Structure formats: structure tokens, C-alpha cells
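I opened my notebook to record what I looked up here, one entry at a time.

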Amino acid sequence: MTSAQHLERLLPSNAQTWLATARQQPLATTFPAAARKVGRERLTPAWTTDQATRALLLQGASAADIIAVYRYGDAAEKLAVLHALSVADLADALQDQALPIIEDAIRTNDQRLVAAALGPYATQYLPQPAFRQAVLKCVFANIPLAVVDGLPQRVDQELIRMMSDFATERSAAGRDLPADLEAYLATPP
């Protein structure tokens, strides 16, 4: 997990200036405007300017407000909320109150949202049965298992069984197995 302070230091000065003003305005107004105001340049492999700015806008917001900006946001805004859940300060404040966001993202067909939903927040708060189903969704959707935070530690016998059943069905249909799945089938938890 990253910290809000670290994210703020990554922002270019124009984004920091806009953020200072935006924090004084309603979240429902500033959150959607962030990309237009600060841009979408890549800051790190994991963060763009708009995502980092939006994550910082969510600091101190209520769970209800965060769920609302996710629910009414476009795909980029939803992705920003999911990334924001990997900010330690926000994740600690929300505890498990953001699980509806994770569950919604996992149900989508947008591979970016599914992958982002399975970050450190999901590792900490997603119940094991839902975590197993999310991992299988990744396998079905050809989302690399490497994006699932905490997967090696959360693998259990039931998940191995589910993966094995999937592999058996895939083989019976004459289809290839994802390469990253085979590692989990070969190694018991």
C-alpha cells in the first residue's frame, strides 16, 4: 500500500495547486473534473496524475460519498476509486465499508476494474469465498493472476479444487490452460 503523503509528493505542481482548491469544494463536483484539470500523465507504473489526485480527494470522505462517486462515475472514475483503496490512510479509515465497491467491480466485464478491485484492500477485507470466485473470474477472463494481491497467501484447498475443476473442463474441451494457473495446480497450499 502507498500513503497519501507519497502520492501528494508525486503530483506535479499544477495538480497540487488544483487539489488544494478542489478540497474546499464538493466531492461530487471535483472528482469527475479531476482528469480535465490535472491531466492523465503517468506518474508511476501504478498511478496516473488524475488517479492520484482523485485518491487524494477521497481522503477524509465518508464511505457513502466514496461509494456514490464510484457508483455514478465513468470507468476512469471507478478505476480511480479502486486504486484509491490501495492508499493505506483511506483503507484504514474505511475498514470493510468499501466492500460493495469491490464486489461491484468484480461483477463487471471490464478487466481493468476486476484487476484493480483485487488489490491490497480486497486481500485484507474480501471474505474467502468471494476471493475464490474473484480469482476464478480472473482465470476465466484471462486476467493474469499476478495482479491478484495476496493470492499466494490466500490460496486454500477449496481454491485449488476450483482451479483443478476448471483445468479439467478446459482440457476436456481441448483448450489451453493459462500458464499462470498451472503453477497453482502443481503446488499444494
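Leaving aside its neighbours within four places in sequence, which residues is arginine 112 in contact with? I looked this up in what is a predicted model, and found that, with those neighbours set aside, arginine 112 is in contact with Ala75 and Leu79.

I then noted where this residue sits: arginine 112 is found in helix H9, which covers residues 111–117, and arginine 112 is partly exposed, at a relative accessible area of 45%. For its side chain I recorded a polar contact with the side chain of aspartate 110, at 2.8 Å. I also checked a pair 31 residues apart along the chain, and the C-alpha atoms of arginine 112 and isoleucine 143 are separated by 8.8 Å.

My next entry concerns a pair of helices. I found that helix H5 (residues 63–72) packs with helix H6 (residues 75–84) at an angle of about 145°, and that their axes are 7 Å apart. On the H5 side I listed Ile66, Val69, Tyr70 and Arg71, which meet Lys78, Val81 and Leu82 in H6; by class, this contact has five nonpolar, no polar and two charged residues.

Last, I asked which residues of H5 are buried. I wrote down Ala63, Ile66, Ile67, Val69 and Tyr70, and seen down the axis of H5 these fall within an arc of 165°, so they line one face of the helix. On the other side of H5, I noted that Ala64, Arg71 and Tyr72 are exposed. What covers the buried residues of H5 includes helix H3 (27–38), helix H4 (49–58), H6, helix H7 (88–94) and helix H8 (99–107).

Notes: Residues numbered from 1 in each chain as written. Predicted model: local features only at pLDDT ≥ 70, side-chain atom pairs only at ≥ 80, totals over all residues. Heavy atoms only, no water. Axes fitted to C-alpha atoms, helices over the stretch in contact; angles between N-to-C directions. Helix = DSSP H or I, 4+ residues; strand = E, 2+ residues; numbered from the N terminus. Contact = heavy atoms within 4.5 Å. Nonpolar A, V, L, I, M, F, W, Y, C, P; charged D, E, K, R; others polar. Buried < 20%, exposed > 50% of the residue type's maximum accessible area, 1.4 Å probe, protein only. Arc of directions from axis to C-beta. Polar contact = N/O pair within 3.5 Å; in protein donor to acceptor, adjacent residues only side chain to side chain.
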